[in-house]
Amino acid sequence: MDKQRGRQRIEMIRGRWISFRIMAIELQSATVALIGYFLWGMPGLWAGLAYMLLFGAYFLRKLPTKAEVTIWLNQEFPELEDSTGILLKQEADWNLLEQLQAAKITPRLELLKLPLSFYKSVWYTILFGIIGIILCVVIQIRRGNDIVSTAPTFPTTLTEKVIPGIQKVNITIVPPAYTGLATRSQASFHITTEDSSEVRWEIHTHAVPGSIILQFSDSTQLRMIPDSSGTTWHVAKRITHTGFYQVKMDSILSGFYQLQLIPDQPPLIKVSSPAPNTTIDFGRPPLVNIHAQLSDDYGLKSAAIVATIASGSGEAVKFKEQQFAFDQGLPDHPKLLNASKTLNLANLGMKPRDELYFHIAVTDTRQQQTLSDVYIVTLPDTAALFSLDGMVNAVNIKPEYFRSQRQIILETEALIHDKDSLGTTRFNSKSNELGTDQKLLRLRYGKFLGEESESNVGDPRVEDHDHDHGDHDHQTENGADFGNAAKILDEFTDKHDNAEDATFFDPEIKKQLKATLTEMWKAELQLRLYKPQEALPYEYKALRLLKDLQQKSRAFVPKTGTKTTPLKPEKRLTGEQDKISPAVMKQIRDYNDPDAVIRAGIAVLDGHVSPEQLTNNNNATVLRQSLARLTTAASREPGKYLNAMAALQRIVQGQFKHTDPVLAQQGLWKLLSPAVMPQPAQQQPGLLQDYYFRNIKKTANP
Amino acid sequence: MSQYRTYIIAAVGALLLLWLLWQEYRRTNKRFLTGRILVSILAVVSLAMLGISLHSAEKEEEQTPVPPSAAIVAPPRFLACNWERHLGYLQPVHFTGRYHNTTSSTIRIHLSFAGETLDSITIPASKDTTFRLQTVPPFLGTGLLKVMALAGKDTLSTAPVPVEVAPVQPLRVLFVAASPDVENRFLADWLSSQGMAVAMRSQVAARQYSTRFDNMSNVSLDALTTGLLDKFDVVVADRQALTATEKATLTEYMQHHDIGLLLHPDSNTVVPQIAGEVLLKDSMGKPSAVMHHRSMGKVLEWGNNSTYTWQLSGDSMRYRRFWSTLLSAAARSMEPKTTITLAPAFAAVNNEVTITLRNTGPLLDTVVNVGETRLPLAQHPLLPAEWRTTWWPGKNGWQLLKYQNIAINEYIFGPDEWPELQRKRSVVADKAAESSLAAPASWWWAIAFLAACIILWIEKKL
């Protein structure tokens, strides 16, 4: 029996020890977490957790055993006579002496008063906690200093001031059909909604008020309707413009609530092909690939290509309008569509010389239409290229070359025509010959650009070799010329850097000439591959470019020659002027700087706005005028100015928080338009400087 | 932080005392328990008081200039700074200063107003540099801009930059044109729309002028006379529009008056050849407008005679900036008959401030009023136009100084605003103040502490 009590007692002491230590560790980790929080904010709490895990695990791994407790008791309390250990033994194992000893110490053990050192860990932890709290206070004070001295943090999000009598509000926003959005509801007064949505307010009050009125920034009022209980009030309104509103319950006015509209943007069209001006050369497939990206913020309703075909020329021009839908339909009103369509001009009945104008028209779900730019596709008239109209009456730089290109085309067409009657060998050799002709033509034009010619066509040195082949009596092999460095140099030097060649044409013409040469290259390639049909488009294009070139190169220098009688300067302005009475213009223009009152308002708000300062009549007027300006701005852009307006309103009413003046200042500041004004410099009056200045010369030149 | 040091010392002292008392109480030998407790209390209290008094002495020490050897460990601070205390309407304030960054990291100096940074500059680590910040204050009247020194996110110091912005001052501009032209017309239209007084004389025949008067009464413009020039701040002229006598009159007038003459460029004027102070530069960095001083007057030349095209193309801000710069530089400076200045520049509360009144005319009154206080003026013994008085401001913040019908706002700095520069104001005065302080009372506490310790020690030995 004794043994039981003794054991329980030891058990109790051990349990208390363990619980105190665990409590201490928890307290310590709480302190660490607190310091961590003050140092690093929320993440600092992890430090506390880590501390608890670390030390808790360590302690739990090495829990004090009962034997350890008995040893401690023996050491601490001499009256236990070093015998507590007996109590842990099995009763059966006790000898007589041990039984006696157990009976002696068990009551002592029960009467034992644990010393204060037993609670040591608790004391230390409390001390640790106090130091931790002091540290936190210090950190907070330091931080607080910084915050006050740097920019005070201002609420960037709108705060909501609700009348105390209102229990809750439920606002249902029914977006208009065009948005395709679902009805949503919210419990806050600030409303951000799509254009033309219906907003339904449902206000629940604690008591039964006499009336609830919504006051809007455009000075309209909406009286809310109560239900039978008198505590639930309804009203609905279609919102068509941005602004703000207040709730007025009996005579109590709420804060300002934002009413922000999300406008519906018209659809956007991005055409990736074709280019604004496209020419389809003869021989090319008459197809136009139209690719466009269409997008809208809510949904596209319809998209169409509106095409106009202009045929004929001069007075006989005829227009035909047609509409085409894109290959992709718009059944489910997508927000983004990659639309494409291929127009076959031949099917549209277009002939060479005709032009196609088209634009894309896109309508969104709100019937807002956007039209793209107009794109032009031209089928050039091959017949006109052959006409000599432009050449007869104009200066022609190199007419034979143009004829050559035309000749090549004619011969190519003849070759294609005769393909069946000619044999393959003959056809191929004819095609190759045409290729050679095309090459010669290209090389001749290349000379204008100062290009090197690989076979030196038209070079007298080379031609000499060709013609006088085998003739050994060469004129150039004159003995006197032997060792004539100049002659040798002349023979083996390319003279394409000749100044005249280099500047023969202006860069624009050179560019076009180069493009022409490229076309000729391509034509030659096809001819040499025995594909005259494929060479034809390049030949046509080369011809067209050459025609353009010819038109551009024309320069008209009209001769003018008139002689005027020379002026006599001494006689100028010497006429009779007595009868002249020049104009005297006079005007008085009132100047009122619209921003002056705002600037003055900012100055009044600066520093410490005190009630006596606000009772100053002058300051109050300035603030009221500023408030009026801010109110106008807030109804236009509530997101930007509403906070500042509410702050200034509180200031004018004399009940404001310490952050309000700065908030109002920032709002007013945003209202200022950039301005500059010539102003004189401010200078101290100085008789002394004057005196010095007047006499500076005297001292400089004594 | 320093103001909380007292509390920290007290708290630490209290903890120490508790621990000591606990120790005394727990001692097995209970002899003289009450006495020991009392002596322990005395020891801790005197130690704490010693700490507090040393701390306050240290604070006073901070007021004396730091010797160069100590400057290495001195905190980063402003060595000097200045700015325009009174500004014209929409004119920029230039805050120039010298900052000594003694730390090993960069420090950023911000000039801000209402929580918005307007200009800033970085001071490299361990550098002593001068810098210049500039902004146009958004207010009209008195306001406090703020200069902050930031090291990362820590604010090292904050100080107010008080500025008073004057209301708009209309300029009076005289145009003398050789022929009616668009450039002058646009400029005159803009100026008159801004409420400035404009008079224009354009030659239409040999001796005939068409005239224009905006926001002013008609005067005869047929000849430029001294009397006529007195009525204007700026003259905008074509070179060939002035007759020889008029040129002479103008040159003579500029000997004694700081009127500005804007000379329209001829078609062959190349501005860079004109020597002078460069007012504006073009996009290539070449001067596009220059000013040079002729005695007291100023002559401005520029290279563009078709600035109205900017206005026509909708770039009116560029047009206004251009002409504002030119006209502001050229305009006759405001010379009020009477001005009031304070010395030292950082006039501090509860310190001696000298008010200096400079007056060009006869002095009608000899009293300056600050609130209810009347401060009689005394004439300077050597400078007849200067009058002085001494004032001990009792409040910091904006103070309205009145003299007859002149009222100006001056800012009185608090003790914690620009302390490093307030100190500079008079080292002599500070030294005197320092010497007047008797030996600090803290030594009494030291003796008490020592005595307490000795008693406790002897008691243990007995």
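How many residues lie between E10(B) and E11(B) in the hairpin that they form? The model is predicted, and local features need pLDDT of at least 70, side-chain atom pairs count only at pLDDT 80 or more, while totals for chains, interfaces and linings use all residues. Residues are numbered from 1 along each chain as its sequence is written, and chains are lettered from A and ligands numbered from 1 in the order in which they are written.

The hairpin of E10(B) and E11(B) has 2 residues between its strands. Helices (H or I, at least four residues) and strands (E, at least two) are DSSP runs, numbered from the N terminus. E10(B) and E11(B) run antiparallel and are joined by 7 bridges; strands pair if DSSP finds at least two bridges between them. Val198(B) has Asp214(B) as its bridge partner in E11(B).

E10(B) is also joined to strand E9 (residues 172–177) of chain B, by 6 bridges and in parallel. Here Ala197(B) of E10(B) stands opposite Arg172(B). The chain passes from E9(B) through H3(B) to E10(B) in a right-handed β-α-β crossover, that is, with the strands pointing away from the viewer, the path from the first strand over the helix to the second runs clockwise.

E11(B) also pairs with chain A: strand E21 (residues 584–587) of chain A runs parallel to E11(B) over 4 bridges. Met585(A) has Arg212(B) as its bridge partner in E11(B).

Between the chains, 64 residues of chain B are in contact (C-beta atoms, placed from the backbone, within 7 Å) with 50 residues of chain A. Elements giving two or more residues to the chain B side include helix H3 (182–193), strand E10 (197–205) and strand E11 (208–214) of chain B.

Notes. Contact = placed C-beta atoms within 7 Å.
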